Amino acid sequence: MRKCVALALLSLFVAACQNISCPLDNVVMLSVGTYADGESVRVGDTLTVTMAGTDSVLLNRLCNFNSFQVPLRQQASGTLTDTLFLHWSLSVPAGEEAEERVDTLFVEHACRIHFESIDCPSTVFHDVKTAGCSRQMLDSVSISNPLVDYEHYENLRLHFSVVPE
């Protein structure tokens with residue numbers, strides 16, 4: 001009987017070591033929240049985000065939001081500065097031409113490879129060093145959590161002086 005119990009425990013131990021626990025959601029994105037007067041606010045106007053040096057649209061025509069996520073550039077190691085263009089399409093009364101304003105968001109970040117286990121693919125995490133912005137629609141930008149990983153915690157806060165409707 002003791003041999004059976006010992007054999008069962010040994011087989012459970014070996015089986016436990018074979019468990020692969022790779023994260024299912026391993027997409028690394030910069031999470032950005034919108035704020036006015038220190039409070040989270042919902043932005044009703046339309047936002048499109050592009051990156052300098054590419055013709056890619058990172059976020060297309062998002063409206064009625066209080067946060068959004070965009071990817072950052074990756075490299076094996078070192079520090080990068082991403083320049084993101086925030087295209088605001090402002091709401092106007094019917095019959096009038098829509099107004100567009102563009103803010104520039106600068107995000108300096110260090111890249112580092114994250115290794116979970118031998119069975120999982122490696123990912124690139126980012127450490128946000130500094131962030132700045134132009135002042136068309138935005139008043140300022142602050143770093144709320146410098147680690148950009150696949151947990152999707154808010155990393156940056158965009159502060160508006162006047163909230164887009």
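1. In this predicted model, the hairpin of S3 and S4 has five residues between its strands, and glycine 53 there adopts a positive phi near 85°. The two strands, S3 (46–51) and S4 (residues 57–62), are antiparallel and pair over three bridges. Within this pairing, threonine 50 faces valine 57 of S4.

2. S3 also pairs with S6; this second pairing is antiparallel and consists of six bridges. Methionine 51 has leucine 84 of S6 as its bridge partner.

3. From S6 the pairing continues to S7. S6 (residues 78–90) and S7 (residues 99–114) run antiparallel and are joined by 13 bridges. Histidine 87 is positioned opposite valine 102 of S7. S7 in turn pairs with S8 (residues 123–133), again in the antiparallel sense, through ten bridges. In that pairing, cysteine 111 has histidine 126 of S8 as its bridge partner.

4. Which residues touch the most other members of the largest nonpolar core? They are Leu30, Phe68, Leu86, Trp88 and Leu105, within a core of 29 residues. At least two core residues come from each of S1 (30–36), S3, S5 (67–70), S6, S7, S8, S9 (138–143) and S11 (156–160). The greatest contribution is that of S6, which supplies four residues.

5. The surroundings of leucine 30 can be listed in more detail. Residues up to four places away in sequence aside, leucine 30 touches Phe68, Gln69, Val70, Leu72, Val107, Val128, Val148, Asn155 and Leu156.

6. Serine 31, also to be noted, lies in S1. Is this residue buried or exposed? Its relative accessible area is 6%, and because the limit for burial is under 20%, serine 31 counts as buried. Its side chain makes a polar contact of 3.3 Å with the side chain of glutamine 69. Apart from neighbours within four places in sequence, serine 31 is in contact with Phe68, Gln69, His152, Tyr153, Glu154, Asn155 and Leu156.

7. The structure contains one disulfide. Cysteine 22 and cysteine 120 form this bond, with their sulfur atoms 1.9 Å apart. The torsion about the S-S bond is about -100°, and the disulfide is therefore left-handed. Cysteine 22 belongs to the loop between helix H1 (2–17) and S1, whereas cysteine 120 belongs to the loop between S7 and S8, so the pair ties together parts 98 residues apart in sequence.

8. Cysteine 22 is partly exposed, at 26% relative accessibility, whereas cysteine 120 is buried, at 7%.

9. Cysteine 63 has a relative accessible area of 43% and is partly exposed. Cysteine 133 has a relative accessible area of 12% and is buried.

Key: Residues are numbered from 1 along each chain as its sequence is written. This is a predicted model: local features need pLDDT of at least 70, side-chain atom pairs count only at pLDDT 80 or more; totals for chains, interfaces and linings use all residues. Side-chain values use heavy atoms; hydrogens and water are left out. Two strands pair if DSSP finds at least two bridges between them. A nonpolar core is a set of buried Ala, Val, Leu, Ile, Met, Phe, Trp, Tyr and Cys residues joined through side-chain atoms within 4.5 Å. Buried means under 20% relative accessible area, exposed over 50%, partly exposed in between (1.4 Å probe, protein chains only). Contact means heavy atoms within 4.5 Å. A polar contact is a pair of N or O atoms within 3.5 Å; within protein, one must be able to donate a hydrogen and the other to accept it, and residues adjacent in sequence count only if both atoms are side-chain atoms. A disulfide is a pair of cysteine sulfur atoms within 2.5 Å.
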